[in-house]
Every structure is written in structure tokens, then in C-alpha cells.
Amino acid sequence: MTAVDVTAPLEVASRPPQDRPRRRLRVGQSLGRLALAGWVVLIAAFIVGPIVWLALQAFATSWRYPSWTPDGWTLHWWQFVLSGSDLSSAVGLSLTFSPIVTLVSAVICLPAAYAFARYEFPGRRLLLVSLFATNAFPKIGLYVAMAGLFYWLNLMTTFLGVVIVQLLGTVVLMTWIPSAAFAAVPRSLEEAARDAGARPTRVFFRITLPLATPGIAIAMILSFLAAFDEAQGTFLVGAPTYVTMPTKMYELVNNYPQQAAAVFAILLAVPSAVLMLLVRRHVMGGHLAAGFQLR
Amino acid sequence: MRRSPIRGLLMVSPPIVLIAVFVGFPVVAAVLYTFGHIGGTNSVIAAIGQRQHVSHGGLGTAAAYREVLTDQQVLRDLLVTVLVTVITVAVVLLLAGGVALYLRLSGGRIAKFLSGLAVVPMFIPVVIGGYAIRQFYATDGLFRTLAHHLGWSDAPTLSYTMGAITIGEIWVSVPFGVLLLASGFAAVPDGQIEAARDVGASLTRTVFSVILPMSRAPIVIVTTFTAISVMGSFTIPYMTGPSAPNMLGVTMTNYFVSFNQPQQAQVMAVVVFAAAALIGSAYVWANVRSGRTSGVSS
């Protein structure tokens, strides 16, 4: 069991009891370190290996197994992808959908987030949890089930249809995270402002909103990413009329030279990676996990 | 908290209505469609679909279920889906749990590095991750190249097999597990751990008798979420898996897009929903039960 594997080296590595014989300790410690190092290398290879390998391919002329290095290095594939029209149309569509979806999501969800944090009303908890329905259904099944309604409303292969399908993936993020942020604004500050004569709207815009802005910004970035990376639903609803970057990947991986697909993959991964790095601290710091602690 | 029933309900209604209309309603309509009801919002899809089983009054017909669930191919896909889901959940719990536990107990630089590493897949779109994994474990991929140079010259090609699907699902699921479990373990007070150690509990004993029981909620969340997202995945099995048998996500997309048999596709969707609901309720039930008997609440 992994839990034991990890803790075994740890037991000797982390501040051992002092009454233990020193010699045994040193042997145990180095063995523990070795096991730990092996474990770290394995995880690193498992997680990062595929990405590094993909990145290398984008610069290779060709690669013959089992050579360590490619037959040659080239920028040809970058030129090939960047000069093609496939890329620009997919990028254009992705950069149209994602901001629209993020904004619509903010307009729909932020008032709700505030209400969940600040008002008491019947069914509050139940409604908060029910938003989670999108994530409670296995995704692809949900999209297939949605198709009947989408056909009936004439939303299949339409712009609005793609917006809606991407929007659904952002609702939880855009409600839960800002709601936690609003709830964390100290009520004493708001009351102090009101005591000083500020009207409720002024209190909201001068006190509550600024303090909740980091949480809202994180929710907006994560929603943007959710929309930008959404592939399955966009594929079912939008293809072949609306082919965004991730859905283009489905097609590319089978029809393109693998190096060109690697270039395309890197171009698609860059915005995500950069935006994620921006919010990394907050996501790791528990904003995401905090969203799951329903109050 | 202010009591404002009307204002509160009005403000929360937009996202609630959105979810009700585009998630709740379609699921009900889809269930009706799979039982042969082709009226109402199902009328357009029913006009397009082929090989449908139509109900003539009454509760409906289970003919579509009979057709899909006696199809050997579909049954194999269902089995693959269940297997991949179970293995993925188990490995994610062990891997993410191991990393999170190490972070909790050591807190050192290596532990931080390891947990930072484990969330990297979150930064990469799933499509890219899937493609990267397919290339990495391909016949001429880095995995076999490495194995070759380490003296294992006939390492298997995992790409286009269930192996690569499982690896891919684990790869994309680990970050969520690490994040949730790390924050769950962090919530266990130092005092509790030290108290157990002081009375002579070994580290393993401390983990199994103190940390894990006190982190039941995050563990349940990671388990159910990973299971649901794996069952509902399309990208990873599509990118890394064989053409057949594959996971139901790919099969139902094929039935829908390529074979133009939406009813059969929706039957598979409902089957996957049922399986997910089963997993969810089994876990909730198990936890309520063990919580009651052990007296530890999550």
C-alpha cells in the first residue's frame, strides 16, 4: 500500500526518537532517503514525462525508436501550424467563446453567490447543493442526454448552443468560490460603514465587493479556463460548424503529422498553463477545497 | 445573516433555472426517450434518429434497453468502464493520499515539491494530456525508449490499450485528489497527531486511527468525484484507447455521432447515470453506517 510506502521512509527521515541507536539510524536514514528519492523520480516521470516528450516532438524532424535524440531539430512544424488557417480559425473561436461564457456566467452567478453568502431564505442549502447537479452526472452522458432538448430548441451546431454547453461547466465555480469570498468579508466592516451613514449600495461597492474581488477573480479565471478547455460538449454540440481549439485536437491527432499536432498542443496548453500559474497560489491555498465545505 | 426570502430566492434563481432547464429537464426527457416516449421535446431528435423503439401508450417499452444491454460489444464496454473506474479510483486514492499524507506529516521541501508536481496535470487541458500520454506510451514513445535503454527491450506498447486509458485517467484525476486530501489532512489538528504519538502509537497506527478517520469527508468526495468523472470521460479513452472495446463514453458518442442512434446512446447514458448514482449512494451509505458504529463523524 502506498500509504505505508510513503510513511516508511518518513518514519526514519523525520525527527526520530533520540533513544534510537545512532548507527541503525544512519543506515535507516540513507535507505529511507533512497526510497524517497526513487519515489519522487517515479512520480516526476509519470506526471511530467508525457509533457516533456510532447514538447520535444514539436522541434524534431523525425524520431526513430529507440534513439534518445531525434534525427534532427527543426522549427518547420511551427511554421507549418502557424501559417495554416486551421489554427487561426480555431484560436479565434476559442477566444470568442471563452470570454463570452465567462461574462455571462458572472452576470448569472455572482448575484446568486452574494445571496447565498448574505441572505437567509427557504431551501438555501438545498439550492446551493443542487447547483452541483452538473458535476454529479457523468459528463459525456449528460451531454448525450441534453441532445434531445438541444435539437428541440434548435440549439445544435449554433453559437448559443456552444455557449450554453460551456456555461454549464462554469456555474459551480462561479457560484461557490465567490460565495465563499463574500461570506469571508467581515460583517463588522460593513456595519461600521453603515453606521457612518453609507447607503447599502455604497457599502457593497466600497467595502464588500473590493474585499471579495480576489475570490471573484479566481472564479473568473477558472471559469475562463473551464470554457477554454471544454472539449466533449463543444464537440457534440458545436462540431462541425464551431470547432474550437480543444475540439480541433480531436481531429488533428489523427490527420496531422505528430510533430505538427505537438506544436498545436503546446499552443493550446500555453494560455491554460499561464492562467493557472496566476491563480496557482489561491487554488493550492484551499480556495478550491474551500468551495467544497458547504455551509 | 439577513432574512430576505424573496430577494434571496430571486437572486439565486438564474443559475438554478439554468441548471434545471439544461441539466434536470434533459435528464428526465432522456429517460422518457429511452423508454420509447417520443413526444414533446423528444420529437425532433426522434425524427432524426434511426432504429428507434417507440412506445405505444402505457409506461413505455424497455426494448431499447433490451437491445443495448444484450449487445456483447456494449457489455464489454460497460465492463471496461467499470474496471477502469475502479482501478483509477483505487490508484488515485493511494497516490494522492500518499502525497498528501507525506505533505501533512513531513511538510519539508521535498514534500512541497512532490505535491506541487502532482497538481501539474491541472495546468494542462485534458485533450493535450491525453495526446501526450498516447505519445509517451506509444511504440516509439519515451516509455519504451527508456525501458529499452534500461535493458527491458520488449516493454509493452500501452497506447491504444486499456492500460493507457487507465494511466490517462489517473494522470488527470491525481491533482484534484491531492488538493482535496491535502486540505483535508491539514485540518487534522497537530495536537491530535502528537497526542497519539505520545501514547506510543506508531506512525502507521496514527495514520490509520487518527488522520484517515478524521478526514472521511474529503476522502469520500475524492472517491465519488473521481469515479463520476472517469465514468463520464470521453477525451482520455478516445485519445489513448483502442477502437474496441473502449469505455462507454466513446461508445455512446459513436452511437450518437456516427451511427445516428441517439436512443441507444441515451440508454448508455442512463446506464452510466445509474452506475454513478449507485457508487455515490453506496459510499454515502457506507459512511453513514461506519460513522454511526465508530462514533466518528466526518
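Biologist: Which residues of α13(B) are buried?

Modeller: In this predicted model, the buried residues of α13(B) are B:Leu248, B:Gly249, B:Val250, B:Thr251, B:Met252, B:Thr253, B:Tyr255 and B:Phe256. A residue counts as buried if 20 or more other C-beta atoms lie within 10 Å of its own, so each of these residues reaches that count.

Biologist: What makes helix α13 (residues 248–258) of chain B mostly covered?

Modeller: Eight of the 11 residues in the helix are buried. Just after α13(B), B:Asn260 adopts a positive phi of about 55°.

Biologist: Which residues does B:Met268 touch, not counting residues up to four places away in sequence?

Modeller: B:Met268 touches B:Val68, B:Val74, B:Leu248, B:Thr251 and B:Met252. Contact requires C-beta atoms within 7 Å, so each of these pairs meets that cut-off. B:Met268 is also among the residues that touch the most other members of the largest nonpolar core, which has 175 residues.

Biologist: How many residues of domain 1 of chain B are in contact with domain 2 of chain B?

Modeller: On the domain 1 side there are 16 residues, in contact with 12 residues of domain 2 of chain B. α3(B) gives the most to that side of domain 1, with five residues. The side divides into eight nonpolar, six polar and two charged residues. The C-alpha centres of the two domains of chain B lie 30 Å apart.

Biologist: What makes β1(B) and strand β1 (residues 119–120) of chain A a pair?

Modeller: Pairing requires at least two bridges. These strands have two bridges, in the parallel sense, so they qualify as a pair. At one of them, A:Glu120 has B:Arg3 as its partner.

Biologist: How many residues are in contact between the chains?

Modeller: 91 residues of chain B are in contact with 83 residues of chain A. Helix α1 (residues 5–34) of chain B gives the most to the chain B side, with 20 residues. That side divides into 63 nonpolar, 23 polar and five charged residues.

Biologist: Where in chain B does pLDDT stay under 50?

Modeller: Confidence stays under 50 over residues 293–298 of chain B. Where pLDDT is low, the predicted coordinates should not be read in detail. Chain B averages a pLDDT of 87, and the complex receives an ipTM of 0.85 and a pTM of 0.86.

Technical notes: Residues are numbered from 1 along each chain as its sequence is written. Chains are lettered from A and ligands numbered from 1 in the order in which they are written. This is a predicted model: local features need pLDDT of at least 70, side-chain atom pairs count only at pLDDT 80 or more; totals for chains, interfaces and linings use all residues. pLDDT is the predictor's confidence in each residue, from 0 to 100. Two residues are in contact if their C-beta atoms, placed from the backbone, lie within 7 Å. Helices (H or I, at least four residues) and strands (E, at least two) are DSSP runs, numbered from the N terminus. Ala, Val, Leu, Ile, Met, Phe, Trp, Tyr, Cys and Pro count as nonpolar, Asp, Glu, Lys and Arg as charged, and the others, Gly among them, as polar. A nonpolar core is a set of buried Ala, Val, Leu, Ile, Met, Phe, Trp, Tyr and Cys residues joined through C-beta atoms within 7 Å. A residue is buried if 20 or more other C-beta atoms lie within 10 Å of its own, exposed if 12 or fewer, and partly exposed in between; C-beta atoms are placed from the backbone. Domain bounds come from an automatic or database domain assignment.
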